[in-house]
Amino acid sequence: MPRSKKGKRGSSKPGNKNGVKGESGASDDELTSDILSHYSSASEGTSVQDEGTGEQVDEQTAQEETEDKLKQCIDNLMDKSAKTRLAALESLRQAFSSRVLYDFLTERRLTVSDCLERSLKKGGGEEQAAAATVFTLLCIQLGGGDEAEEGFKMLRPILTTILIDNTASIAARQSCARALGMCCYVSSAEDGEDLIKSLALLESAFMSSYPNREGTLPTPKPGSPGLHSAALQAWSLLVTICPASKLSVLLDLHLPKLQACLQSSDVNYRIAVGETIALLVELGRDIDEEFEVEDSESLCESLKSLATDGNKHRAKNDRRKQRSIFREVLHYIENEDFTDERIRFGVESVYIDSWMRRRIYDAFKEILESGVRHHLQFNPLLRDIFGLGPPLILDTTIKTNKISRFEKHLFNSAAFKARTKQRNKVRDKRADVM
């Protein structure tokens, strides 16, 4: 259900400042579990059952308790123990992906951003990867307005540094690639300079997989296909908001090279390449009805081979997944045929009826995981991107002041309006109410 009325702001429990844990003695795992159980209870009804006393506590009390625990997690981001910081990052990741917390985070966005910047600069690879993911969720929570844009400009330099650092953890570099793509998409789409810089950075991460002058694919280093896939998918997300003039240049540069990468030895990278080719062809056809793929016969032969691959040296699940994806890509290249998908959430649905919408939906699903349906239902940013309109209020007893405040913030933002104009081509205004 929509966010409930918040309780007191700025309050904190004794002993929680400067990274020092409170006196409750609760472990990091227990803290995570408590936060998630509060969210689960609050979403199932207007009250939750207190296990200790059996008494009913109203939703506002549950919200206050949850926010206190989130404040403790934020304090723990400054703890000296790497284990404590990692646990706090995981708690925040789960909380940010499962609920809409705009009001809570707007008041603490600078504090959270400072803590995440510290983890990115001084933490190990695992902590860097987790911090980049939490920052991506923070941008989604802030709704793509001025606050998210400010945060992105603040953390983009360190995300860039980690992405291009060949000595950094592969997991951290992958997470930073996804963060650069998603955060630029939601917060800086109207800024042409930010968009071009982010595209170039992501290109530098995956173009090392391209064939050399002799047409031979390089031998991948351990872990590099995963980085190439993450960077390519983040890049393709940003391509969906490129102006036509820039898009034409990208098509000419990348389509021939990507066709060669269909022969990559890594199944997940092959799939990412195939989906990107389909997206680029779709975008090319959108801007030019006469658009044709160079050497389309060779491309279709490669796609047919992958769509019928029976190589016993590949894992059975990999073969099945690859055949399914490449059948779809082949059908689109040959016949412009796309298999629609309907995503249901609450009493609504969103249609995935193009490669563009699939790339956008998959990008949000990857970061929000099981929480993507909740955000489609209540997060005005996602609802705006997918053309769903304001969140539905089906229960007249639900207080709507918090949602209204969020909507007012978004739709009165000049930056957000500029992005809205650029995203018109993304939106198919169809939304079903059952």
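How do the helices α6 and α8 lie relative to each other? They are roughly parallel, a label given to angles under 35 degrees, while those over 145 count as roughly antiparallel, 65 to 115 as roughly perpendicular and the rest as oblique.

Before selecting anything, note that this is a predicted model, in which local features need pLDDT of at least 70, side-chain atom pairs count only at pLDDT 80 or more, and totals for chains, interfaces and linings use all residues. Residues are numbered from 1 along each chain as its sequence is written, and side-chain values use heavy atoms, with hydrogens and water left out.

**Stop 1: colour by confidence**

The chain has a mean pLDDT of 81 (the predictor's confidence in each residue, from 0 to 100), and 76% of its residues reach 70 or more. Select residues 38-56: here the pLDDT is below 50, and the stretch has 34 contacts in the model beyond near neighbours in sequence. A contact means heavy atoms within 4.5 Å. Then select residues 424-434, where the pLDDT is also below 50. This second stretch has 32 contacts beyond near neighbours in sequence.

**Stop 2: α6 and α8**

Two packed helices are described by the angle between their axes and the distance between the axes. Select helix α8, residues 170-187, together with α6, residues 125-142. Helices here are DSSP runs (H or I, at least four residues), as strands are (E, at least two), numbered from the N terminus. The axes of α6 and α8 are 8 Å apart, at an angle of about 15°. Such axes are lines fitted to C-alpha atoms, for helices over the stretch in contact, and angles run from 0 to 180 degrees between N-to-C directions.

Show side chains on α6, including A129, A132 and F135, and on α8, including A172, C176 and M182, to see part of the contact. By class, this contact has 12 nonpolar, 5 polar and no charged residues. Ala, Val, Leu, Ile, Met, Phe, Trp, Tyr, Cys and Pro count as nonpolar, Asp, Glu, Lys and Arg as charged, and the others, Gly among them, as polar.

**Stop 3: α6 and α3**

Among the residues in contact are L89 and F96 of α3 and V134 and L138 of α6. The contact of α3 with α6 has 9 nonpolar, 3 polar and 4 charged residues.

**Stop 4: α5 and α7**

Select α5 (residues 109-122) and α7 (residues 146-164), whose axes come within 10 Å and cross at roughly 5°. So α5 is roughly parallel to α7. L116 and L120 of α5 and L155 and I158 of α7 are among the contact residues. In all, the contact of α5 with α7 has 8 nonpolar, 1 polar and 6 charged residues.

Stay on α5 and pick E117 and K121, which are 4 residues apart, about one turn of the helix. Their side chains form a salt bridge, 3.4 Å from N to O. The term means a side-chain nitrogen of Lys or Arg within 4 Å of a carboxyl oxygen of Asp or Glu. The structure holds 15 salt bridges.

**Stop 5: two loop residues**

Most residues other than glycine have a negative phi. Select D295, in the loop between α12 (267-287) and α13 (296-307); its phi is positive, near 55°. Finally, go to E369, in the loop between α15 (355-368) and α16 (372-378). E369 has a positive phi of about 55°.
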